[in-house]
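These are my notebook entries on what I looked up in this model. I began with charged pairs, went on to one helix, and ended with paired strands.

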Amino acid sequence: MDAVFKALADPTRRELLDELFREDGQSATALGARFEMTRFGIAKHLKLLEDAELVVVRRRGREKLHFLNPVPIRLIHDRWVSKYAEPWAAALSDLKSRLESPMEKIFEIYIKTTPELLWEAITNSEIRSKYQFGNTLTSDWTPGSRFEMRNPKADAPLGEGENIEVDPPRRLVQTMTALWGEDVKAEGTSRITWEIEPVGDSCHLTVTHDQLREGANDQLYGGWPMILSGLKTWLETGEQLTTPGSLMYA
């Protein structure tokens, strides 16, 4: 967290995050055009944000695009804010707003666990319910198979989709259709990709939620920071998050 606090301490870096909050997936050149600063200076600030995992870089052809990763901010919230000021939690959980095209959301987190245990936590329905608002996911987890998301408090499924790629314990690609309300059902199908990379005694987990329409309902992707924070907490401590947002549907 020291790197996150250091990155957030500088007003220029906070402004860069604000720009990515406003419009995700920008190049360094596009970001630099909004600041009275050299390209080298912008690159230095972006590198510090990347080192703090607040920014994720993805190549698109010859361009390097920068995406806001709100997970570290969510972890700070869970560690430093929620226990002191629980009424703020609901407001702070909405870390990303509706953004312009392309609608691709990327979330990264490091978890001290093995790829096998992380894969189990993603695909085991009972474990999944521990960190995803009490929801269960049932499937046989084979390529082309279906999955269904349910909650004990709901009479009908909350979501459904297809497992396109299943490569344990490295990669899982799924389509997903949200069913918990007419507003999200109208958004149609999007795609979720889980990528697990072992790093020493830990795992680097990247979740990419894409194929979202321009201006898509933020209910579809706004919960990822809380879900991944809960996943990390469960695997590293065996405990569930107790922030108000984590318990809202449990």
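I looked up Arg58 and Glu108 and found their side chains joined in a salt bridge at 3.7 Å, N to O, the term meaning a side-chain nitrogen of Lys or Arg within 4 Å of a carboxyl oxygen of Asp or Glu. Arg58 belongs to strand S2 and Glu108 to strand S4 (residues 103-111), so the pair ties together parts that are 50 residues apart in sequence. I took helices (H or I, at least four residues) and strands (E, at least two) as DSSP runs, numbered from the N terminus. Glu108 is buried at a relative accessible area of 11%, whereas Arg58, at 23%, counts as partly exposed; buried is under 20% relative accessible area, exposed over 50% and partly exposed in between, with a 1.4 Å probe and protein chains only.

I note for all entries that this is a predicted model, in which local features need pLDDT of at least 70 and side-chain atom pairs count only at pLDDT 80 or more, while totals for chains, interfaces and linings use all residues. Residues are numbered from 1 along each chain as its sequence is written, and side-chain values use heavy atoms, with hydrogens and water left out.

How many salt bridges does the structure hold? I noted 15. One of them joins Glu182 to Lys185, with the closest N and O atoms 3.4 Å apart; both residues lie in helix H9 (residues 182-185), three residues apart, about one turn of the helix. Glu182 counts as exposed at 60% relative accessibility, and Lys185 as partly exposed at 37%.

I then turned to Glu187 and Arg213, whose salt bridge has its closest N and O atoms 2.7 Å apart. Glu187 sits in the loop between H9 and strand S9 (189-199) and Arg213 in the loop between S10 and H10, so this pair ties together parts that are 26 residues apart in sequence. Glu187 counts as buried at 15%, Arg213 as partly exposed at 44%. I also recorded a network of salt bridges that links Glu19, Arg22, Glu23 and Arg34.

Helix H2 (residues 11-22) has twelve residues and reaches 16 Å from its first C-alpha to its last, close to the 16 Å expected at 1.5 Å a residue, the expected span being 1.5 Å times one less than the number of residues. Which residues of H2 are buried? I list Thr12, Arg13, Leu16, Leu17, Glu19 and Leu20. They cover an arc of only 155° around the axis, which puts them on the same side of H2; the arc is taken from the directions from the helix axis to the C-beta atoms. Among the elements covering these buried residues are helix H1 (2-8), helix H4 (39-51) and strand S3 (63-68), where contact means heavy atoms within 4.5 Å.

Strand S8 (residues 171-178) runs antiparallel to S9 and is joined to S9 by seven bridges, with Leu172 opposite Trp194 in S9; strands pair if DSSP finds at least two bridges between them. Nine bridges join S9 to S10, also antiparallel, and Ile192 has His209 in S10 as its bridge partner. S9 and S10 form a hairpin with two residues between them, and Gly200 in the turn has a positive phi of about 60°.

Last, I checked Tyr221, which lies in the loop between strand S10 (202-212) and helix H10 (224-237) and counts as buried at 1% relative accessibility. Tyr221 and Ile192 are 29 residues apart in sequence and 9.9 Å apart in space, C-alpha to C-alpha.
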